[in-house]
Amino acid sequence: MSDTPQSPRPADGTTRRWTPPAALIGFLLLLVLVFSVSYAVGSAVGPVAPGMHDDGGNAGTGEGDTSGTGGGMEDMPGMQHGGGE
């Protein structure tokens with residue numbers, strides 16, 4: 001004797017197709033909506049970091065600060081490179 005219940009079969013003899021739960025469909029639709037709104041807001045606002053806009057002429061040329069220091073460290077008190085203190 002088995003404890004697992006038998007699933008009822010349709011009376012008309014057709015096989016029952018699997019459908020995803022409504023909560024899963026709702027979650028996926030909400031996910032698509034959130035990403036769509038996020039993309040639209042990001043496109044409307046534009047880049048948020050200075051210098052990230054494409055000014056047409058030097059895109060991808062590698063020009064700019066190549067010293068590796070990140071620049072601007074001299075005006076930050078208490079930020080000394082090395083020393084370990």
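Modeller: What follows goes from the chain to the helix, then to its surface. The model is predicted. The chain holds one helix and zero strands. That helix, H1, covers residues 22–45. Its length checks out: 24 residues at 1.5 Å each should span 34 Å, and the end C-alpha atoms lie 35 Å apart, which agrees. Just after H1 comes glycine 46, with a positive phi of about 90°.

Now the surface. Leucine 33 sits in H1. Leucine 33 counts as exposed because its relative accessible area is 51%, and the cut-off is over 50%. Leu33 also belongs to a nonpolar surface patch, along with Leu30, Val34, Val37, Val41, Val45 and Val48. Together these residues have about 680 Å² of accessible area. On spacing, an α-helix has 3.6 residues a turn, so residues three or four places apart point the same way.

The wider chain gives the setting. Of its 85 residues, 0% count as buried. The chain exposes about 8400 Å², and carbon and sulfur atoms supply 61% of that area.

Note on methods:
Residues are numbered from 1 along each chain as its sequence is written. This is a predicted model: local features need pLDDT of at least 70, side-chain atom pairs count only at pLDDT 80 or more; totals for chains, interfaces and linings use all residues. Side-chain values use heavy atoms; hydrogens and water are left out. Patches are made of residues with over 30% relative accessible area and no salt bridge: like charges are joined within 9 Å, nonpolar side chains (Val, Leu, Ile, Met, Phe, Trp, Tyr) within 5 Å. Accessible areas come from the Shrake-Rupley method with a 1.4 Å probe; for residues, only the protein chains shown count as cover. A salt bridge is a side-chain nitrogen of Lys or Arg within 4 Å of a carboxyl oxygen of Asp or Glu. Helices (H or I, at least four residues) and strands (E, at least two) are DSSP runs, numbered from the N terminus. Buried means under 20% relative accessible area, exposed over 50%, partly exposed in between (1.4 Å probe, protein chains only). The expected span of a helix is 1.5 Å times one less than its number of residues.
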